[in-house]
Amino acid sequence: MSDIAIRIEGVSKRYYIGGQQETYKTLRDTLADAFMSPLRRAGKLLRGQATGAAELDETIWALKDVSFEVKRGEVIGIIGRNGAGKSTLLKILSRITEPTTGYIELHGRVGSLLEVGTGFHPELTGRENMYLNGAILGMRRGEIERKFDEIVAFAEVEKFIDTPVKHYSSGMYLRLAFAVAAHLEPEILLVDEVLAVGDARFRKKCLNKMQDVGQQGRTVFFVSHNMPAIASLCERAILLNEGRIQRDGLSSQVVHAYLNSDCGTTAAREWPDPAEAPGGEIARLRAVRVRTEDGRVTDTVDIRQQVGLDIEYEVLKSGYVLSPYCDFFNEEGVLVFAATDLDPTWRRRPRPAGIYVSTAWIPGNFLSEGTLFVKAALATMEPVITQFNERDVVAFQVIDCLEGESARGDWTGRWGGAVRPLLKWTTQCRLHTCNSAPTLSSRKD
Amino acid sequence: MAQPAHLTPLADMETPVTVITPSHGWVALQLSKVWEYRELLYFLTWRDIKVRYKQTVLGVAWAIIQPFFTMAVFSIFFGRLAKIPSDGVPYPLFSYAALVPWTFFAHGLSQSSDSLVASANLLKKVYFPRLIIPIAAIFSSVVDFVLAFIVLLVMMLFYGIMPTVNVLWLPYFLLLALTTSLGVGLWLSAMNVQFRDVRYTVPFLTQFWLFATPIAYPSSLLSEPWRTLYGINPMVGVVESFRWALLGAATAPGPIVLVSSLASLALLVSGLFYFRRMEKTFADVV
């Protein structure tokens, strides 16, 4: 028995995209085309060619000549920006779509989780959906029966197991869906970003369950945007870029490479070449930087200090009202908060072409300790058209030096929460001692 | 895949190897894969049955209302007013005996042709032999058939007509309706993935087909070489043989059933191959 679980050789995948670009010259051409193209399409259809209802001549390669091997028991993470080919690779391995070229060998029973709760029907009860979903995921009926109680307990829905799931809260629904999925026990487990939903506590429970899976000698193939999860769950990671493998190695190194493609820090990202910069017709991203008050780019921020996020962009067409905005995600993938540019100078005003830097100032004693991942985006207002929307564009660490000036006070142990504001506290006290008036004491601010 | 995937040491287990390569042109049917996934087929059929009449006031009565009221309308207009002959059988029974398998066929056809598009989410997220989806859609129509069939038996009792021994053939005739429905359903469902035009064609097609089948009238209106040839429409064979087996009407429709069986088989086999050929594009196009 070989110790290779997955062997991928020269896999490419081509997609047909786009519509007809040419402009019609005469009504006669238009009419002729209107009559001819259904016939052409019907012809193609009968020959078994993959075309949709539109004329699809343009192609893109979602994956190009990807080759690698995964050892038995390895937990491997696949990362990359949107459109890098991660999901395509997963779909090919799950046999949902065929590769255009290449060869793949999978040794062992394969279970794929591209979504939780696939096939759930709102009218069916929790119990019925468990059987249905289990069957869809490739579990045998006996297997589901055997694990039934365990799954129900894991999902924490014992009381509602015979209620139609349309009456479930969204949290219960997700927990049940996750629970079925988490009890899938294949030798090779293919997982998409399904863990990006649901409440944090339950997600952690699932991550732990998956970690167990890895330790039981199963091969796990994990596609995610959740960098900390990748770094902690996987020993190895592969970075895909435009359908090719850009980097393959230790997950911590690959995650680092992903976060800071060129600047040597995770706290800044620049696009010197406008052709590669994300953007639309009206505006284009130039750089995103995390910096301190004095303008120093930094990837480590003291919890007490305010921190600035610069979004530098070029406006290519004058006359649009623009709205730059950013989202901050924590290590669990939770959106901690979102912010949009409210500078009164430019708010609701069309902007002339030029280079702009919008800076969001996040106050000190507001963020929680840990890593924050930033999404930088910009949209025009009327109509709303997204110009760029870059996830995980920069990341930075918030640290507490434990000098007693943060919201922790003098406590140095575990401290939860998505944010950590330093609140004003007042404490009132009525002493038990007799014949003395009630005393009011309060801690000094 | 047969062994329970319990946590015995992995090394002891026989490891199945899956090979993925691009396919080209016509591919093997791999019906054994469908068998391998029979539990999923069972659950999907069961889901369709369970969910179909949820949130309806009349519920499962719909399975009977449709053929029964069509029969009533046919009896008034074709039986009473147009005085269409009915091979010596009371006209309501004559038309209802044909409407029961017809409704099964038409319902299975419309359900299966829409099934892939309706299951787009499954197609995009999970692997299993796609053939299961249209098959489950047709299997779930069997329940409706059974209910409508019970009403047919009640009507026969009412008119005092006893089924002949030929009723033993009935399962075969039902199978014939099923394969015809599936054959057409496979073609249409695969086409529907790419061209939603199919969705608009199906109601028109079934309506047209209804009148092209001897439901409101007997096929004995045709003279002989034509009557047998008429069997190229497989539903002619189904409808005529249902009447023959249950009502003892007319002569044995042997030649018609033979022609219909061959036509149905041709539809099914071509449908299977076409479906399998298009299968690889479903997830990308749907």
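Visitor: Among contacts in chain A between residues at least 6 apart in sequence, what share joins residues at least 24 apart?

Guide: Two residues are in contact if their C-beta atoms, placed from the backbone, lie within 7 Å. For chain A, 70% of the contacts between residues at least 6 apart in sequence join residues at least 24 apart; the corresponding value in chain B is 80%. The model is predicted: local features need pLDDT of at least 70, side-chain atom pairs count only at pLDDT 80 or more, and totals for chains, interfaces and linings use all residues. Residues are numbered from 1 along each chain as its sequence is written, while chains are lettered from A and ligands numbered from 1 in the order in which they are written.

Visitor: How many helices and strands does chain A have?

Guide: Helices (H or I, at least four residues) and strands (E, at least two) are DSSP runs, numbered from the N terminus. Chain A has eight helices and 19 strands, whereas chain B has eleven helices and one strand. In chain B, the C-alpha trace spans about 75 × 40 × 35 Å along its principal axes.

Visitor: In what order do the six strands of the open sheet in chain A lie?

Guide: Strands of a sheet pair through backbone hydrogen bonds, either parallel or antiparallel. Here, pairing requires at least two bridges found by DSSP. The order in chain A is β5-β6-β7-β3-β8-β9, with mixed pairing. In chain A, β5 runs parallel to β6 (188-191), with four bridges between them; Ser112(A) stands opposite Leu190(A) in β6(A).

Visitor: Which strands does helix α2 of chain A touch as it packs on the sheet?

Guide: Helix α2 (86-93) of chain A touches β3 (75-79), β6, β7 (219-223) and β8 (236-241) of that chain. Its direction makes about 145 degrees with that of β7(A), where axes are lines fitted to C-alpha atoms, for helices over the stretch in contact, and angles run from 0 to 180 degrees between N-to-C directions.

Visitor: Which residues touch the most other members of the largest nonpolar core?

Guide: A nonpolar core joins buried Ala, Val, Leu, Ile, Met, Phe, Trp, Tyr and Cys residues through C-beta atoms within 7 Å. Buried means 20 or more other C-beta atoms within 10 Å of a residue's own, placed from the backbone (exposed: 12 or fewer; partly exposed: in between). In this core of 149 residues, they are Phe221(A), Phe222(A), Ala97(B) and Ile132(B). Helix α4 (91-118) of chain B gives the largest share, 14 residues. Beyond its neighbours within four places in sequence, the contacts of Phe221(A) include Ile76(A), Leu93(A) and Leu190(A).
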